Every structure is written in C-alpha cells, then in structure tokens.
Amino acid sequence: MTLDQRGRSAADGIRTSVSQADLRLPVPGASPGAMPLVARMVSFAMAVVAVSIIGLMAIGFRGAGVVESEPTISSPSIVAEPQVLPPREPATPPTTAAEAPLPSVTAPPATTTPEDVTPPHLEIDHPMDGSVFTESALRFSGATEPGATVMAGRFEADVADDGRWSIVLFLAEGPNRATITATDAAGNVAEASVVVTYRPPVAEPPAEPPKDEPPPKDEPPPDEEAYDFTAHQVFGSCSESPPYDEFYGTAAPGTRIVVWGGNGEGAVIADGSGNWALRVVFPEAPYGETIVVTVKNSATGQTKQFEFVSYAGG
C-alpha cells in the first residue's frame, strides 16, 4: 500500500469516526432540527483537515527520500558459471619527454680514399745489364713515376717533371752492381739494378827502336809539361761498407796515376784524351778518423793530397 493509499484510508477512518461521533447530542440553544446539519458540517471540516495533514505528511516523506518500493517478484535462481579473467597487465606509467629515447640516427658511411700501396714504376734505360765500359764515370738514366725520388745508394738523381731521371756514377775496376730505388709520395719503394763492368784501357808501351838504330833526332821526346796534371776527389767521406772514395783528373796520355792512403791504394792509366778516374777502397779505415790520401803522377812525380773520413760500421 502506498503512502497516498494510507492517507486516504486514514481520512476515511476519520470521517467515519466523526460521522459516528455523538454530535447529534442537543446543543443548548439550538433547534432540534438544526443539530444534524451542524454535525455534518463539523464532520466534513475535520475530514478535510485530516486529508490535508496526511497529504502534507506524504509530501514531506517523499522530500526526505522515503520512497515506497515496488513489490519484489521472486524469480528462479540462476547460477552463473564462474569466469576466469586474464591477469590484468600493470599500467605502464607515461614516459616523460626527458625519459623518452632519442630517435636513432644512422650516420652516412664515411668515404675514404683507399691507401696507395702500389710501388712506383721504375726502369733503367741506360746502361744495359752486362755492359762493359773502359771509363769509370758512367751516366745512368731511366724513367719513373712523376714526383718520385730516385736514389743510387746515398746519392740522389735528377728527376724531371715527366719522371725521367739520370745520375753519374763512378765504377770500380771489374763488375759493378748499380742499384736504383724510387720512392713515391706515399712511401712505396721500387728497386731496379744492373751489373756493368769497368775495364780500364791498358796503355801499350812505346815501341822500342831496334838497338842497332839510334833514335831519330828530329823527334824530341814527349813534353810532359804540355799536359796539366789535375786530381779531384768525389766524396771525402763514406758510410758504406767497405768505405771507398773516387778520384779523377787529367794527365798526359798513358801516364800512370797512383793513389794511396791508410790501407787503401790503386792505380790507373790516363786514356788517349788525357783523362783518368779511379775508385779506391779503404777496408780498414778507422771510424770517424781523418786519413790523408795521396794522388801521384808517376811520370812527373807531382802529387796532390786529400782527406777522407770513414763512417762505415759505426
């Protein structure tokens, strides 16, 4: 039963009670016929007041949150199958801008120039391997890579812009191996060598006239003073082993030139043009000490002296 239904029931009860009240008792001073009318009016007024009060009460109960619930309809029990829920992943905290990884940037591959490991081109045009010469001063020449440095032992050759090179070397009597090296700007080294032989000319002694014939008187003997005797030294020191030096000059053709100093010595005959050259080896020259080398013209007795220092084996 709702609250309105209860109010109406209460009002009906009040009206019934009022109607059944003993209001029909005579009221002093009232006429007998007027008493029922008064009673009915009083009953009606009371019923109106009761209904108003109950309505206000109903409104007050609704405003206070008292709501009549509807009757509950029971239904058969339904048992739900238990559901297994997957484990809930923990929430990932948001990543701040400071913690966010920077995007990877792949640097472009570096371009490098390949290293030069190729030895320079080197060739010896002159002299030919196995050649024989009668003069000790010999010019070697050839070609190499432009800009390369060409060396013959510790002596540097002249190199043109196109790579052509040349150098003058003095030969010792007998076979000589000349080794030429070329070094390019990257430090690569090429090597070439030739073997040449130096055979100094042998001056034939003047033919002696027959003993029964006197020498012609109209031909004076050769004048040695007509030829200048000169002598020159090439190095003055040497660090190769064994140490050596080279000497050259001029004298009368066929003149024997002798060179000696320390424990080294040698001899040569001036050629038909009056030129001579000689390499002298000093195998036991003391390291770093100066020795005196003498060059003598055997025909005139003239001498010239030079100093030599060996740095071999130090």
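A: Start with the labels: helices and strands are DSSP runs, numbered from the N terminus. Keep in mind that this is a predicted model.

Q: Which strands each supply at least two residues of the lining of the largest pocket?
A: In general, rolling a probe the size of a water molecule over the atoms shows where empty space is left. Here, β7 (164-170), β8 (174-183), β12 (244-250) and β15 (275-281) each give the lining at least two residues.

Q: How much space lies in the largest pocket, and which residues are the closest to its centre?
A: The space comes to about 460 Å³. The lining has 21 residues, and Leu169, Arg177, Glu240, Tyr244 and Arg279 are the closest to the centre. By class, 13 are nonpolar, 3 polar and 5 charged.

Q: What about the second largest pocket?
A: About 230 Å³ of space lies there. Its lining has 16 residues, with Ser136, Asp271, Asn275, Trp276 and Ala277 nearest the centre. β12, β14 (264-269) and β15 each contribute two or more residues to this lining, which divides into 9 nonpolar, 5 polar and 2 charged.

Q: How do I read a sheet?
A: Strands of a sheet pair through backbone hydrogen bonds, either parallel or antiparallel. In this model, 3 strands form an open sheet in the order β10-β12-β15, with antiparallel pairing.

Q: Why is one side of β10 and of β15 left without a neighbour in the sheet?
A: Because β10 (230-233) and β15 stand at the edges, each with a single partner strand. Neighbouring strands of this sheet are turned by 20 degrees against each other on average, direction ignored.

Q: What joins β10 to β12?
A: The two antiparallel strands are joined by 4 bridges. Thr230 stands opposite Thr250 in β12.

How values were computed:
Residues numbered from 1 in each chain as written. Predicted model: local features only at pLDDT ≥ 70, side-chain atom pairs only at ≥ 80, totals over all residues. Heavy atoms only, no water. 1 Å grid on protein atoms, 1.4 Å probe; cavity = no way out; pocket = protein on both sides within 12 Å on 5 of 7 lines; lining within 4 Å. Points joined across faces, edges and corners; volume = space filled by probe spheres on them. Nonpolar A, V, L, I, M, F, W, Y, C, P; charged D, E, K, R; others polar. Pairing = 2+ DSSP bridges. Axes fitted to C-alpha atoms, helices over the stretch in contact; angles between N-to-C directions.
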